[in-house]
Amino acid sequence: MINLRSDTVSKPTDIMRRAMAHAEVGDDYYREDPTVIALEEKAAELFGKEAAIFVFSATMSNVVSVLSHTRRGQSVILEELSHIYNNEAGFLSAFGGLTPRTVKGEKGRITPDQVEAAVFPTAVLHPQTSLLCLENTHNHAGGTCLSLDQTRALSDTARSHGMKVHLDGARIFNSSMAQGVSVRELTADADSVTVCLTKGLGCPVGAICLGSGDFVEEARRWRQAVGGGMRQAGVIAAAGIVALDTMVDRLAEDHANARLLAARLAEAGLELDCPPEEVETNIIFATIPSGLMDAEAFVEGWAREGVSVNPPKDRRIRLITHHNISADDIEAAGAAARRVLGR
Ligand code: TLP
C-alpha cells in the first residue's frame, strides 16, 4: 500500500527498533530513566531551550503547554484552521476553561495587526488575553512555513500585551529544512514549543515539549494531571534519540516527493491548492474537479490501485509524504490516479 494519509503512518526504522530493544531504562517518575533524560537533554540543547519533557503525543504537549501558560477564564489567540483549535478534542475549553479567539490566516499565516485586533481590551468585563498559539508548519494550510521574521514580529506583538507564545512545531523540522533556518532560531521567540517525533521523524510514539526550566516543571505537573506520567519510557525515548540523529536531514526527500506528487496529480487533472513549485514541505491538498469524477469514487478507485488517502472533504484530499514513500511510489501513485480517472 502507498499510504499518503499522513506522515503519522510512517513506521519506525530498524535502527530505532534495535535502539528500543536495548535501551537502558529506569522509573521516569523518580527521574531515573537515563534514556528519557538523554532525549530531553539532547532536545533542549538542539533547540537552545533550558529544559524539555518527553510526552506521549504532540496533542499532550500542546495541552500541557497551554495549561501551564494560562488560567481559567483567560483567552487564547489561534489561527482558525490551527490543529489546537480544530483537532485536539476541544481541550482549550474542556480542560483550560479558556476562550479561544481565532484569526483567519493567509495560507495559515496571521499578521501582527490581526493579533493586535484579537486582544481583548483590559477592562474587567473581558477575558484576559494571555497566550498566542502559532503552528509551524501549518498542517491544514498545506504544510506552510512561518519565517523567522514572521515568528519574531508575532511574538513581539504578543509580548507587548504581556502574552506568552506557544509554538505548535509538530513539524518544525520540516519548516527548518524548507527554509534553511535552524530549529533553534525558528523557535527562539516562543516561550514553549511542541515537537512531534512520530510524523516525519518516524517514531512509534512521543513528542517533546520545550521551554524554560520553570515552564517545564509546570508542564510536568500538568502531564501528571492528564495521566501522562511515565515509567520505563526509555524504551520509546530511545527511538526519539535515533530520530533526532538520523531522520532530520532526509526530510528534504519528502519535500521533493510532495512536489513531484503535486506535479503528477496536476497532470492527471486534479486541482492543487498551490502550483507544484510552491509546495513548501511534505503536505499537499488536491481537489477532484466535479467535471472529472465523483471524489469518493476516485478515492475508492485509488485505494483499489494500492494508494491510500483519507476520505475527501468538499472534494478535497490531503496527501502527505514521509520516509516510507519513495519517488518510485509517487510515480506509481500518479500512474494509478490516471488509470482511475481514465486519462
Ligand atoms: N496531526 C495529525 C492528526 O490531525 C490526525 C495528522 O495526520 O496530520 N499539531 C499538528 C500541527 C498536527 O498536525 C498534529 C497531528 C498534532 C499537533 C497532534 O499530534 P499527535 O497525533 O501526536 O497528538
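Biologist: Leaving aside neighbours within four places in sequence, which residues is glutamate 135 in contact with?

Modeller: This is a predicted model, and in it glutamate 135 belongs to strand β5, residues 129-135. Its C-alpha atom is 7.9 Å from that of leucine 146, eleven residues away along the chain. Setting aside the neighbours within four places, the contacts of glutamate 135 are Ser82, His83, Ile84, His140, Leu146, Leu167 and Asp168.

Biologist: Is glutamate 135 buried or exposed?

Modeller: Buried means under 20% relative accessible area. Glutamate 135 has a relative accessible area of 8%, so the word for it is buried.

Biologist: Which backbone nitrogen lies 2.6 Å from a polar atom of the side chain of glutamate 135?

Modeller: The side chain of glutamate 135 has a polar contact with the backbone nitrogen of asparagine 139, at 2.9 Å. The one you ask about, at 2.6 Å, is the backbone nitrogen of histidine 83.

Biologist: What is the phi of arginine 31?

Modeller: Most residues other than glycine have a negative phi. Arginine 31 sits in the loop between α1 and α2 and counts as partly exposed, with 33% relative accessibility. Although arginine 31 is not a glycine, its phi is positive, about 60°.

Biologist: And what is the phi of aspartate 314?

Modeller: Aspartate 314 is found in the loop between β11 and β12. At 76% relative accessibility, aspartate 314 counts as exposed. Its phi is positive too, in a residue other than glycine, with a value near 50°.

Biologist: Now for the rings. What kind of aromatic pair do tyrosine 29 and tyrosine 30 form?

Modeller: The structure holds three aromatic pairs. In this one the ring centres are 5.0 Å apart and the planes stand at 85°; planes over 60 degrees apart count as edge-to-face. Both tyrosine 29 and tyrosine 30 are exposed. With that angle, the pair is edge-to-face.

Biologist: What kind of pair do phenylalanine 298 and tryptophan 302 make?

Modeller: These two are four residues apart in helix α13, so about one helical turn separates them. Both phenylalanine 298 and tryptophan 302 are buried. Their ring centres are 5.0 Å apart and their planes are at 35°, so the pair is tilted.

Biologist: Over which ring does the charged end of arginine 316 sit?

Modeller: There is an arrangement of this kind at arginine 101, whose charged end sits over the ring of phenylalanine 120, 4.2 Å from its centre. For arginine 316 the distance to the ring centre is 4.0 Å, and the ring is that of phenylalanine 285.

Biologist: Finally, the whole chain. What is its radius of gyration?

Modeller: The protein chain has 14 helices and twelve strands, and 57% of its 343 residues count as buried. Its C-alpha trace spans about 60 × 55 × 35 Å along the principal axes. A compact globule with 343 residues would have a radius of gyration near 20 Å, which agrees with the value for this chain, 20 Å.

Conventions. Residues are numbered from 1 along each chain as its sequence is written. This is a predicted model: local features need pLDDT of at least 70, side-chain atom pairs count only at pLDDT 80 or more; totals for chains, interfaces and linings use all residues. Side-chain values use heavy atoms; hydrogens and water are left out. Rings of Phe, Tyr and Trp (its six-membered ring) pair if their centres lie within 6.5 Å; planes under 30 degrees apart count as stacked, over 60 as edge-to-face and the rest as tilted. Buried means under 20% relative accessible area, exposed over 50%, partly exposed in between (1.4 Å probe, protein chains only). A charge sits over a ring if NZ of Lys or CZ of Arg is within 6 Å of the ring centre and within 35 degrees of the ring normal. The radius of gyration is taken over C-alpha atoms; the globule rule is 2.2 Å times the number of residues to the power 0.38. Contact means heavy atoms within 4.5 Å. A polar contact is a pair of N or O atoms within 3.5 Å; within protein, one must be able to donate a hydrogen and the other to accept it, and residues adjacent in sequence count only if both atoms are side-chain atoms.
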